[in-house]
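Dear colleague,

I am handing over the structure we spoke about, and below it you will find notes on what turned up in it. Please keep it open while you read.

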Amino acid sequence: MSAREHVLGLDLGGTRVKALALTPGGEVIARETAPSEGSDWQERVKGVVAALSERLGPPLVIGVAAPGLAASDERSIASMPGRLPGLEGLDWSAWLEAPRGVPVLNDAHAALLGEVWQGAARGERDVLLLTLGTGLGGAAMVDGRLLRGRVGRAGHFGHITLDAAGAPDIVNTPGSLEDAVGNHSLPRRSGNRYTDTATLVRDAGRGEPLAAAIWSRTVRDLAAGMVSLINAFDPAVILVGGGIAEAGDALLRPLAGELDRLEWRPAGHRVRIAKAGLGDLAGAFGAARRALDLHGFHIP
């Protein structure tokens with residue numbers, strides 16, 4: 001493939017690194033993936049960048065999305081204990097020998113930027129993203145600005161309280177939204193009957209009473225958390241992504257019903273709820289967009 005002007009977005013997951021080569025306008029030119037498991041994951045990431053650069057020429061800029069709290073200077077992940085050994089403190093600009101600085105974002109923050117740029121919230125300025133999976137993560141954009149907070153914690157919506165008398169979660173939040181709806185807590189919530197939400201939703205759809213009751217409670221708790229976030233951030237749209245969002249209408253329809261019951265709607269304003277549109281590539285899109293913005297490139 002001949003050289004073509006492009007920007008590179010990298011998204012580091014627990015099992016794979018995903019790389020997208022995009023035009024400055026967001027068109028996908030090429031993609032690469034590689035395993036991110038094992039002690040040599042950093043070399044594999046560098047190999048992916050080298051492979052794309054050989055095919056397309058050197059990128060204009062590179063951006064990185066990764067789990068954890070990004071450093072305030074956006075050069076590294078400052079805190080991510082227990083995953084991807086060697087990630088904390090890794091200076092990506094130096095590691096990739098990039099001529100321009102490589103911004104590093106929390107993966108949920110990057111996913112929201114991607115969705116606003118090329119996904120289900122394109123062009124919106126007030127957006128929340130909830131990632132529903134093993135836990136519950138997220139990100140917030142208010143008045144067109146991604147919220148990061150003092151130490152990068154903004155958007156950890158799983159760690160808001162639904163039940164002040166509930167057990168503490170992994171960050172010591174009592175009765176958290178994450179513990180109420182996350183896949184990790186499903187065995188406890190179902191008396192060890194279920195270990196994954198996909199099977200729970202399947203059985204609920206078949207009318208199995210226990211599954212239907214657990215799923216109904218899960219959706220109700222999610223709606224309660226959402227209305228708290230709506231009142232705090234006043235978004236135009238809330239995107240839901242992650243594995244649990246793959247339930248599709250089995251999630252969105254009852255969720256809409258609960259929000260009809262719970263949501264405060266001044267002058268009849270209803271917050272739009274939509275499934276995220278870019279899937280597991282959202283973080284790579286957002287990382288690329290952040291790099292373009294940081295270095296002042298014109299975006300068509």
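Does glutamate 97 count as buried or exposed? Glutamate 97 counts as exposed, at 67% relative accessibility, where buried means under 20% relative accessible area, exposed over 50% and partly exposed in between, with a 1.4 Å probe and protein chains only. This is a predicted model, in which local features need pLDDT of at least 70 and side-chain atom pairs count only at pLDDT 80 or more, while totals for chains, interfaces and linings use all residues. Residues are numbered from 1 along each chain as its sequence is written, and side-chain values use heavy atoms, leaving out hydrogens and water.

Most residues other than glycine have a negative phi. Glutamate 97, however, has a positive phi near 50°, and it is found in the loop between α2 (92-95) and β7 (104-106); helices (H or I, at least four residues) and strands (E, at least two) are DSSP runs, numbered from the N terminus. Glutamate 74 also has a positive phi, of about 65°, but this residue, in the loop between β5 (69-70) and β6 (77-79), counts as buried at 12% relative accessibility.

Turning to the sheet, five strands form an open sheet with mixed pairing, in the order β10-β9-β8-β11-β12, where two strands pair if DSSP finds at least two bridges between them. Its edge strands, each pairing on one side only, are β10 (145-146) and β12 (272-275). Strands β8 (residues 127-132) and β9 (residues 136-142) run antiparallel and are joined by six bridges, and leucine 130 stands opposite glycine 138 in β9.

Best wishes
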